[in-house]
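Let's take a friendly look at aromatic rings and the neighbours they keep. Have the sequence and the 3D view ready as you read.

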Amino acid sequence: MTANARNGLALANGQWRNRPQQGTLQVAVLNLMPTKLTTELQFLKRFDNLATDVTVSFLYPASHHFKGIAPAVIKKHYLSLAQVQDNYFDGLVVTGAPVEQLPFEAVDYWQEFRQILTWAQHHVCETLFECWAAQAGLFIDFAIQKRQLASKLFGVYAANQVNSRSRLARDFGAGGLIKMPQSRHSASVLDPHHLPGDLAIIAASKGAGPLILRSHQRRHTYITGHPEYDRDTLAKEYYRDQKKRRAIHAPQNYFINGTGGPVNYSWQDSAQLIYQNWFTIIKQESRLLI
């Protein structure tokens, strides 16, 4: 089907072209990544390959002090909470952010982040959190703390445990068909045998821990990695950190030869199915809320 952009840098500079649609879902993406344009294109490309028409509105935290891009540019091409507070969306995606080594309260847009989630309770059918946003969502929803990892979790990890009864896991089988890039320095502190409230682990990996979690009551899905990543995203991070002489190991289960060169793009189909299943849940839940 078709993904159209309501706003954003990719639409403004001609790197994304909208096409005619019928019966589209309205999805907001709160883009917290510093690579704004790249992240826009990643989500638009993923959504463009799904069996659902979707129109994407890109949001930003107005209280954030941006680096590498002029605030006036973001203000021109993105929407703030104040501009959409009377709008309703079928879905909200909250991206990751390179702030996982900071305490939650030390993030400069933390209070606005909480305000956006409060607004979403009454203006969004389903919310999907990714990477740092998943940790932040679990902290706000269930008071789950995060911890720093001894080294960066970096690579592509397959699920060895899948809750096949979950709608998010539909058409996945047990045995590692769910694969997901991970790139983070922290993890939520979870006891899988004693989860709070109605929180459930949908998919988990021996190497990366929980990959997908869900609270049906809150209509929240928490994804600990980055299904949207392009084939070369981890490679770019790896070579960037090498150039800056940072402590970094080659991403696990990623390069075909293990240390560099061609990439095994093993998570593409998995990512498409994760997002398609989430869109299907949105359609089902929307009918129930009418």
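## Charges over rings

A charge counts as sitting over a ring if NZ of Lys or CZ of Arg is within 6 Å of the ring centre and within 35 degrees of the ring normal. In this predicted model, K146 lies over the face of F104, 5.1 Å from the ring centre.

A second example involves F142: the charged end of R218 is found over this ring, at 4.3 Å from its centre.

## Rings in pairs

How many aromatic pairs does the structure hold? The count is 24. To describe a pair of aromatic rings, we use the distance of the centres and the angle of the planes.

F47 belongs to helix α2 (residues 36–48) and F279 to helix α8 (residues 268–289), so the pair ties together parts that are 232 residues apart in sequence. Are these two residues buried or exposed? Both F47 and F279 are buried.

## An edge-to-face pair

Now turn to Y60 and Y78. Their ring centres are 6.5 Å apart and their planes stand at 85 degrees, so this pair is edge-to-face. Y60 is in the loop between β3 (54–59) and α3 (71–77), while Y78 is in the loop between α3 and α4 (81–84), 18 residues apart. Y60 and Y78 are both buried.

## A cluster of rings

Ring pairs can also join up. Here they link F104, Y109, W110, F113, W132 and F139 into a cluster.

Key: Residues numbered from 1 in each chain as written. Predicted model: local features only at pLDDT ≥ 70, side-chain atom pairs only at ≥ 80, totals over all residues. Heavy atoms only, no water. Phe/Tyr/Trp six-rings, centres within 6.5 Å; stacked < 30°, edge-to-face > 60°. Helix = DSSP H or I, 4+ residues; strand = E, 2+ residues; numbered from the N terminus. Buried < 20%, exposed > 50% of the residue type's maximum accessible area, 1.4 Å probe, protein only.
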